[in-house]
Amino acid sequence: MYEASVGLFVPHLRNLSGLLDKGVAYAETRKFNPAILLGMRLAPNMYDLAQQVGEACRHAVVAPALLAEREPVALPALEHDMAGLQARIATSIDFIESLPRADIDAAAERNVFFRLKNGTELPFTGRALLLSFSVPQFFFHVTTAYDLLRHAGVELVKKDYLGRT
């Protein structure tokens, strides 16, 4: 359970940080404010890039916290600036790496409840939370962030998304 959560989220959060770095470099080379990238979205009713990063961090933090029976770290209000998003990613990584492996590994069959933003609680076993909800949600948001940057013209390749394999 630890490897399927912390072991999965941490490297991909680092990759997400690298994607943002490449977005900043792209903007600086073309002499525009990198914050412009953060407002991009693929459709009018989709989250923008900043919100995609925010949601990826939220799922990476909440799932392991629930598995470890800990309160998730309080992330600051989402701001549309690259430094703030990089700090959010770093805080998320630091928090989930601090969670005890044994507690997460013991959570496969434990009942957990994921609280949606509207207050609705979804019941899961630890394993089901991770495999059928949090991991797919996390990758949806990371992939969408990648796609938004690619759509903006940032020169990214699959290795930027996957990291070292």
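**Exercise 1. The crossing of H1 and H4**

Determine whether the crossing of helices H1 and H4 is left-handed or right-handed, and describe how the two helices are arranged.

*Step 1.* The crossing of H1 and H4 is left-handed (the near helix is turned anticlockwise from the far one by less than a right angle; clockwise would be right-handed). This is a predicted model, in which local features need pLDDT of at least 70 and side-chain atom pairs pLDDT 80 or more, whereas totals for chains, interfaces and linings use all residues. Residues are numbered from 1 along each chain as its sequence is written, and side-chain values use heavy atoms, without hydrogens and water.

*Step 2.* Locate the elements: H1 covers residues 2-29 and H4 covers residues 82-98 (helices are DSSP runs of H or I of at least four residues, strands are runs of E of at least two, numbered from the N terminus).

*Step 3.* The axes of H1 and H4 come within 10 Å and cross at roughly 165° (axes are lines fitted to C-alpha atoms, for helices over the stretch in contact, with angles from 0 to 180 degrees between N-to-C directions). H1 is therefore roughly antiparallel to H4 (over 145 degrees; under 35 is roughly parallel, 65 to 115 roughly perpendicular, the rest oblique).

*Step 4.* On the H1 side, the contact includes Tyr2, Val6, Phe9, Leu13 and Asp21 (contact means heavy atoms within 4.5 Å). On the H4 side, Met82, Leu85, Ile89, Ser92 and Glu97 are among the residues that meet H1. The residues of this contact divide into 13 nonpolar, three polar and three charged (Ala, Val, Leu, Ile, Met, Phe, Trp, Tyr, Cys and Pro are nonpolar; Asp, Glu, Lys and Arg are charged; the others, Gly among them, are polar).

**Exercise 2. H3 and its two partners**

Find the packing angles that helix H3 makes with H4 and with H6.

*Step 1.* H3 and H4 pack at about 10°, and their axes are 10 Å apart. The two helices are therefore roughly parallel.

*Step 2.* From H3, Ala50, Val53, Gly54, Cys57 and Val61 are among the residues that meet H4. Their partners in H4 include Leu85, Arg88, Ile89 and Ser92. By type, the residues of this contact are eleven nonpolar, two polar and one charged.

*Step 3.* H3 (residues 49-68) and H6 are packed at an angle of about 160°, with axes 8 Å apart. H3 and H6 are therefore roughly antiparallel.

*Step 4.* The crossing of H3 with H6 is left-handed. Its contact residues comprise 15 nonpolar, seven polar and one charged.

**Exercise 3. Ser92 and Cys57**

State whether Ser92 is buried or exposed, and identify the contacts of Ser92 and of Cys57.

*Step 1.* Ser92 belongs to helix H4. Because its relative accessible area is 0%, Ser92 is buried (under 20%; exposed is over 50% and partly exposed lies in between, with a 1.4 Å probe and protein chains only).

*Step 2.* The side chain of Ser92 reaches the backbone oxygen of Arg88 at 2.8 Å.

*Step 3.* Setting aside residues up to four places away in sequence, Ser92 touches Leu13, Cys57, Val61 and Leu75.

*Step 4.* Cys57 is in helix H3 and, at 0% relative accessibility, is also buried. Apart from neighbours within four places in sequence, Cys57 is in contact with Leu13, Leu75, Arg88, Ile89 and Ser92. The C-alpha atoms of Cys57 and Ile93 are separated by 8.6 Å, although these residues are 36 residues apart along the chain.

**Exercise 4. Exposed residues**

Describe the position and accessibility of Lys31, Glu69 and Leu131.

*Step 1.* Lys31 lies in the loop between H1 and helix H2 (35-38). Its relative accessibility is 74%, so Lys31 counts as exposed. Lys31 has a positive phi of about 60° although it is not a glycine.

*Step 2.* Glu69 is in the loop between H3 and H4. Glu69 is exposed at 58% relative accessibility, and its phi is positive, about 55°, although it is not a glycine.

*Step 3.* Leu131 lies in helix H6, residues 126-151, and counts as exposed at 53%. The C-alpha atoms of Leu131 and Ala4 are separated by 8.2 Å, while the two residues are 127 residues apart along the chain.

Methods: Polar contact = N/O pair within 3.5 Å; in protein donor to acceptor, adjacent residues only side chain to side chain.
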